[in-house]
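Hi,

Here is the structure I said I'd pass along.

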Amino acid sequence: MDANTHIFNSEFALRQFNGSCPLLIKILNKFVLEYLNFNEKFTELMLQGDIDTLQRDIHTLKGISGNLGMEALHHASKGFESKLTVNLEEQLIVEYLELLSTTLTTITGFISNNSNNSDSKPAIESDSKQVLITALKRNEFISDVKMQKFMQELDLAPDVKNALKNSIDDFDYGRALQLLQ
């Protein structure tokens, strides 16, 4: 990565939203939620050999990251998109996904540091709660990785988190839904 390439150019991103930090934070929260588990999706698509979908996803990520001032990720996505094949070198994949992770960490830090009234945490918590409720209502399997993410983002008492996790582990989704409400 070029030393002059920023992980996140917050000044640029703020200009994209006419200086509205609350609006930028709202959009960044959505970005973080959307791409938090991208590495799982990426791996699944590679295993399936679905390079077309993967190229569309990387193309979308390239555009979003460029519009939001995530310069390093935007730049990396440009090159990565053109190199996507079933036989892509593992090191390139690792570097790309690590850059995405670094970008998400940087964005999360920006959100935390620029939330005057803590609107961003409840937004993530609220979105995560809704995503979990929807998954439970659909009787979807919730992987350990996703469960850890939910446990980090949900603002619940430790005993409720433990009961929720146990209910989901036991596939008692009805009980899990009761705990969330």
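**Loops and cores**

Start with N18, which sits in the loop between α1 (10-16) and α2 (21-35). Bear in mind throughout that this is a predicted model. N18 isn't a glycine, yet its phi is positive, at about 50°. For background, most residues other than glycine have a negative phi. Is N18 buried or exposed? N18 is exposed, because its relative accessible area is 77%, and the cut-off for exposed is over 50%.

There's another one further along. F171, in the loop between α9 (158-169) and α10 (173-180), also has a positive phi, near 60°, without being a glycine. F171 counts as exposed too, with 54% relative accessibility.

Now for the inside. In soluble globular proteins, nonpolar side chains tend to be buried together. Here the largest nonpolar core has 35 residues. The ones with the most contacts inside that core are L28, F31, F42, M70, L73, F80 and L84. Which elements give two or more residues to this core? They are α2, α3 (38-48), α4 (51-67), α5 (71-83) and α6 (90-113). The largest share comes from α6, with 9 residues.

Leaving out residues up to four places away in sequence, L84 touches F42, I51, L54, Q55 and I58.

Finally, there is a second, separate core of 16 residues, and F150, L154, Y173 and A176 are among them.

Cheers

How values were computed:
Residues are numbered from 1 along each chain as its sequence is written. This is a predicted model: local features need pLDDT of at least 70, side-chain atom pairs count only at pLDDT 80 or more; totals for chains, interfaces and linings use all residues. Side-chain values use heavy atoms; hydrogens and water are left out. Helices (H or I, at least four residues) and strands (E, at least two) are DSSP runs, numbered from the N terminus. Buried means under 20% relative accessible area, exposed over 50%, partly exposed in between (1.4 Å probe, protein chains only). A nonpolar core is a set of buried Ala, Val, Leu, Ile, Met, Phe, Trp, Tyr and Cys residues joined through side-chain atoms within 4.5 Å. Contact means heavy atoms within 4.5 Å.
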